[in-house]
Amino acid sequence: QVQLVESGGGLVQAGGSLRLSCAASGRTFSSYAMGWFRQAPGKEREFVAAINYSGGSTYYADSVKGRFTISRDGAKNTVFLQMNSPKPEDTAVYYCAARPGPVDGSSQRYFYWGQGTQVTVSS
């Protein structure tokens, strides 16, 4: 019902900024909560941020609070992750995900996933 394609990843210097985009398609996009997850080599996939269908509620992992911002533009069927002051520890493949209902921090509750975009933070 929903297809997701991430973009905007790349190499960024520690302390800089980067904006990831997730283009979504499907009639039900506006009714889905959206989330960002990341996975570094040898590590578990972890929650980063989520936003509800209206954009009025957000949820962040403690590790990114105050640095990353999730937002969505329903008219453009796009969700964003603004990464400010990234750290080398933020280096990972970032995945966009979607689920019906409210925001959630568990990857097991998201049914639709993009292919991921690599983010590398240099120091």
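Helices here are DSSP runs of H or I with at least four residues, and strands are DSSP runs of E with at least two, numbered from the N terminus. On that basis, the chain has zero helices and 11 strands. Welcome to a predicted model, in which local features need pLDDT of at least 70, side-chain atom pairs count only at pLDDT 80 or more, and totals for chains, interfaces and linings use all residues. Residues are numbered from 1 along each chain as its sequence is written, and side-chain values use heavy atoms, with hydrogens and water left out.

**Overall build**

- Read from the N terminus, the order of elements is β-β-β-β-β-β-β-β-β-β-β. The chain is as compact as a globular protein of its length, because its radius of gyration of 13 Å is close to the 14 Å that the globule rule gives for 123 residues. That radius is taken over C-alpha atoms, and the rule is 2.2 Å times the number of residues to the power 0.38.
- Along the principal axes, the C-alpha atoms fill a box of roughly 40 × 30 × 25 Å.
- Of the contacts in the chain with a separation of 6 or more, 58% are between residues 24 or more positions apart; a contact means heavy atoms within 4.5 Å.

**Surface and charge**

- Buried residues account for 41% of the 123 in the chain. Buried means under 20% relative accessible area, exposed means over 50%, and partly exposed lies in between (1.4 Å probe, protein chains only).
- The chain exposes about 6,400 Å², and carbon and sulfur atoms supply 46% of that area. Accessible areas come from the Shrake-Rupley method with a 1.4 Å probe; for residues, only the protein chains shown count as cover.
- There are 12 positive and 8 negative charges, and their mean positions are 6 Å apart. Lys and Arg count as positive and Asp and Glu as negative, leaving out His and the chain ends; each charge is placed at NZ of Lys, CZ of Arg, CG of Asp or CD of Glu.

**The disulfide**

- The structure holds one disulfide, a term for a pair of cysteine sulfur atoms within 2.5 Å. C22 and C96 form this bond, with an S to S distance of 2.1 Å.
- The bond links distant parts of the chain, with C22 in strand β3 (residues 17-25) and C96 in strand β9 (residues 92-100), 74 residues apart.
- The torsion about the S-S bond of C22 and C96 is about -80°, so the disulfide is left-handed.
- C22 is buried at a relative accessible area of 0%, and C96 is also buried, at 0%.

**A loop residue**

- S63 sits in the loop between β6 (58-60) and β7 (68-73), where S63 is partly exposed with a relative accessible area of 41%.
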